[in-house]
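Me: Hi! Could you walk me through a few contacts in this one?

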Amino acid sequence: MSMLSKDQIKQMIQHYDIKTTDDIKGAFKDMFGEAIKEIMEAELDTHLGYDKNSKETKDTENRRNGTSSKTLRSSEFGEIPLTIPRDRNSEYEPIIVKKNQTSLSGLEDQIIAMYTKGLSTREIQDYFTDLYGAEVSPTLISNVTNKILPLVKEWQNRPLDALYPIIFMDAIHYKVRHEGRIQSKAAYVVLGITIEGFKEVLGIWIGESESSKFWLMVLNELKNRGVQDILIACTNNLTGFSEAIQATFPQTEVQKCIVHQIRNSIRFVGYKDLKAVTAELKPIYKASTEELALEVLSEFDEKWGKKYPIITKNWMDNWTELATFFKYPAELRRIIYTTNVIEGFHRQLRKPTKSKSVFPSDESLLKMLYLVTMDVTKKWTMKVQNWGQILSQFVIFFEDRVTDYI
């Protein structure tokens, strides 16, 4: 305003019929749009090498070619309609407002980036107030993050590969407010290894506390999205999990997590025996063959069976699916004997969400998990270690089920 003379200010007041502060804002919005338009006209002059309406001889055959329209978003002025000058050869690349640019301030990107890092609505508000002196309403923050929902829906329904050699299935739990009450909700996560050896999150579903019935729905959805075959499914020890897998992918081998099995075992052990029992369970899954593992389990039962009979019984009841990994080479065993791959991903999900004791809704939780997933998975550029050797083993073990997709 200090650059305008008093007469210019008076003319502006008359021209825009300014009576309120909102009228002033509207006037500056128009002026701002006109300023950008003039700058872009000057950019095109420079690009073409002559001024608009110039009668001089032109050094180029390229000419102006009318204008196009776009709307630019600004945190200060809202939506600003712009008229973009064009050239006949489509060689002009705007500098002040890029071709695909739709926002001047980057406000939305900043809000989403902070939301991804786990900042609450209040913390995002405080950030903009402290740094810029700008008021950002909770409604604006909500509206910006809600724009993520169509992307979440698209991602969650995208087509998947026909074959996944390995998938990991596990749930992570959060507190969510529902109808005025705080409930525990499970985020069901499926992480797959593609035939090329890359990790991929196939989907995240929000449901009630973890159940085999919900997992069956998840598996059916994977099938409906194009998954025809899974070679090995690595799971925790949830009752009914294996039945859900066999009902949807009957050829799939199930490997129950050894670490979960040990955790379940030591639940029954007294504190003074905890260290000794844990140490003597280790040789079972470290054995070189299934036969040797069974011998070690038998020796364990002879020593601890009378005191803790439920441990050996629990191992034997689940043995078929605990022992799947024994027939595979060491490179593959290290990947499938535990659900560490997906639990590592869960740890990355927890980092930005640990500050949130309660999520206001299922949608809010899903938005956060999606944004963190996009942030984490963009770094998954390396193949699983020794994947070439592992894949050659799969070709031998599973023959036509693999070769059709290589």
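This is a predicted model: local features need pLDDT of at least 70, side-chain atom pairs count only at pLDDT 80 or more; totals for chains, interfaces and linings use all residues.

Me: Great. How many salt bridges are there?

Reply: The count comes to 13, where a salt bridge is a side-chain nitrogen of Lys or Arg within 4 Å of a carboxyl oxygen of Asp or Glu.

Me: What does Arg158 pair with?

Reply: Arg158 forms a salt bridge with Glu200, at 3.0 Å from N to O. The two are 42 residues apart and link distant parts of the chain: Arg158 is in the loop between α6 (149-156) and β3 (163-178), and Glu200 is in strand β5 (residues 199-207). Helices (H or I, at least four residues) and strands (E, at least two) are DSSP runs, numbered from the N terminus.

Me: Is Arg158 buried or exposed?

Reply: Buried, with a relative accessible area of 18%. The cut-offs are under 20% relative accessible area for buried, over 50% for exposed, and partly exposed in between (1.4 Å probe, protein chains only).

Me: And what about Arg263, which residue does it bridge to?

Reply: Arg263 goes with Glu343, and their closest N and O atoms are 3.7 Å apart. This pair also links distant parts of the chain, with Arg263 in helix α9 (residues 258-266) and Glu343 in helix α15 (residues 340-353), 80 residues apart. Arg263 is partly exposed at 42% relative accessible area, while Glu343 is buried at 12%.

Me: What is the N to O distance for Lys378 and Asp375?

Reply: It is 3.3 Å for that salt bridge. Lys378 is exposed, with a relative accessible area of 58%, and Asp375 is partly exposed, with 22%.

Me: Which residues are linked in a network of salt bridges?

Reply: One such network links Glu41, Asp45 and Arg64.

Me: Switching to helices: at what angle do α9 and α12 cross?

Reply: Roughly 155 degrees, with the axes of α9 and helix α12 (residues 309-317) coming within 10 Å. Axes here are lines fitted to C-alpha atoms, for helices over the stretch in contact, and angles run from 0 to 180 degrees between N-to-C directions. The two helices are therefore roughly antiparallel; angles under 35 degrees count as roughly parallel, over 145 as roughly antiparallel, 65 to 115 as roughly perpendicular and the rest as oblique.

Me: Which residues meet there?

Reply: From α9, Ile258, Gln261, Ile262 and Ser265 meet Ile311, Asn314 and Trp315 of α12, contact meaning heavy atoms within 4.5 Å. By class, that makes four nonpolar, three polar and no charged residues. Ala, Val, Leu, Ile, Met, Phe, Trp, Tyr, Cys and Pro count as nonpolar, Asp, Glu, Lys and Arg as charged, and the others, Gly among them, as polar.

Me: Next, where does His346 lie?

Reply: His346 is in helix α15, and it is buried at 2% relative accessible area. Not counting residues up to four places away in sequence, His346 touches Asp170, Ala171, Ile172 and Val189.

Me: Last one: what is Leu297 in contact with?

Reply: Apart from neighbours within four places in sequence, Leu297 contacts Ile284, Thr312, Trp315, Met316 and Trp319. Leu297 sits in helix α11 (residues 290-304) and counts as buried, at 2% relative accessibility. From C-alpha to C-alpha, Leu297 and Thr312 are 7.3 Å apart in space, and 15 residues apart in sequence.

Methods. Residues are numbered from 1 along each chain as its sequence is written. Side-chain values use heavy atoms; hydrogens and water are left out.
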